[in-house]
Amino acid sequence: MPELSESPTRRRLRPKTYSIGLYIVGIFILLELVALFLIFWIRQEVKIDTKGRSLAMESEANSGYLLDLAQNAKPQELGLPNLPKPQIEARLDLDLQQTPQLDIAKLNEDARRFRREGDFILAEAALTQALEIDPNNVLTLTNKAMLEEAKNNTEGALRAWKKVIQAGEAEGGTTVQLARERAKIIEERFRLDEEARKRDSPLKDSRRLIVVSNVKMDPEPLPESPVEISQSITLKRNSETGDFQVNKIRIQLYFYELTPENRLIAADIDARFVNNPPEWKENGAEEVLKTTYLKTAADKGQRSYYGYLIRVYYEDELQDERAEPARLLRLFPVDTP
């Protein structure tokens, strides 16, 4: 009797059902893995806001114009006679054999060039030599004040501007007007720094879970008009409890540029953690946030770098803040996007 063969339909049914089952199980496992990864990633994500709002700088509008005027003024506009343009050497010439007025003009030109190149030591040497020739020369004192500002020596800059006012008070003119404006701004800066210290004091006394332990700028010191800045911000965990959650951290980080219309505008920056995602596994652990700033292209207007502001929040409560210059803390109040 012939053996009954299995029908084609029955032969295909088992393998096909088995394959579909494998596919379904595989998809289910893959979805679980994706979900676990997303949960882990979300728990480790730190929200970083780099899009700050713009602000008109009415209080410094006139001073900004005067500062530019003094930097590019002719010698006779700053109390010197109409002198020929001095020859610029590749290095500081310490053996001058011209008239005192020509020597002063040349040394000041050298000092301005060195300051723009970021060589503050040679700029200081040139101005020191110029002051030995004439300690009350308004041009030299003005460049001295600008150098102190470039070095972020606020107290030295204020002293130098007051000397400019004293030396040029009888003559008046744009330089003394500039000195008064800059002295007023620096005194305001002192007041704002004091306000920042008072504001920081309660933060130090409170239970801060994460703090800014260090901010490093490259190049250091910054040149007068930086085109590119690399910044490293070290954030340290200040919590011994185990419930510290990375996804509850929020950071505001703004780099501001000043436009020709004296408006502060947040520049586009790139900000990311070296260890991505950051972990802060234990108390005292540190993570570094790297930031790159590039000066806005000329087709968007001739802007210049003004400063930066960083604020760190945990569960929307302010933990720490830094700004340079400090007045940005007041110009852009807490939690203002």
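**Close-up 1. Helix α4 packs against helix α5 at an angle of about 155°.** In this predicted model, α4 covers residues 120–133 and α5 covers residues 138–150, and their axes lie 10 Å apart. Because angles over 145 degrees count as roughly antiparallel, α4 is roughly antiparallel to α5. The crossing of the two helices is left-handed.

**Close-up 2. Side by side: the residues that join α4 and α5.** From α4, the contact draws on F120, A123, E124, L127, A130 and L131. Facing them, α5 brings T140, L141, N143, K144, L147, E148 and A150. Sorted by class, this contact holds eight nonpolar residues, along with two polar and three charged ones.

Close-up 3. Welcome to a core of 27 residues, where L235, I249, I251, F255 and W280 have the most contacts inside it. The largest share, five residues, belongs to β9.

**Close-up 4. L235 and its contacts.** Here we zoom in on L235, one of the core residues with the most contacts inside the core. Setting aside neighbours within four places in sequence, L235 touches I210, V211 and V212, as well as I251, F273 and W280.

**Close-up 5. A second, separate core.** This one has 14 residues, among them A145, A157, A160 and L178.

Technical notes:
Residues are numbered from 1 along each chain as its sequence is written. This is a predicted model: local features need pLDDT of at least 70, side-chain atom pairs count only at pLDDT 80 or more; totals for chains, interfaces and linings use all residues. Side-chain values use heavy atoms; hydrogens and water are left out. Axes are lines fitted to C-alpha atoms, for helices over the stretch in contact, and angles run from 0 to 180 degrees between N-to-C directions. Helices (H or I, at least four residues) and strands (E, at least two) are DSSP runs, numbered from the N terminus. Angles under 35 degrees count as roughly parallel, over 145 as roughly antiparallel, 65 to 115 as roughly perpendicular and the rest as oblique. A crossing is left-handed if the near helix is turned anticlockwise from the far one by less than a right angle, and right-handed if clockwise. Contact means heavy atoms within 4.5 Å. Ala, Val, Leu, Ile, Met, Phe, Trp, Tyr, Cys and Pro count as nonpolar, Asp, Glu, Lys and Arg as charged, and the others, Gly among them, as polar. A nonpolar core is a set of buried Ala, Val, Leu, Ile, Met, Phe, Trp, Tyr and Cys residues joined through side-chain atoms within 4.5 Å. Buried means under 20% relative accessible area, exposed over 50%, partly exposed in between (1.4 Å probe, protein chains only).
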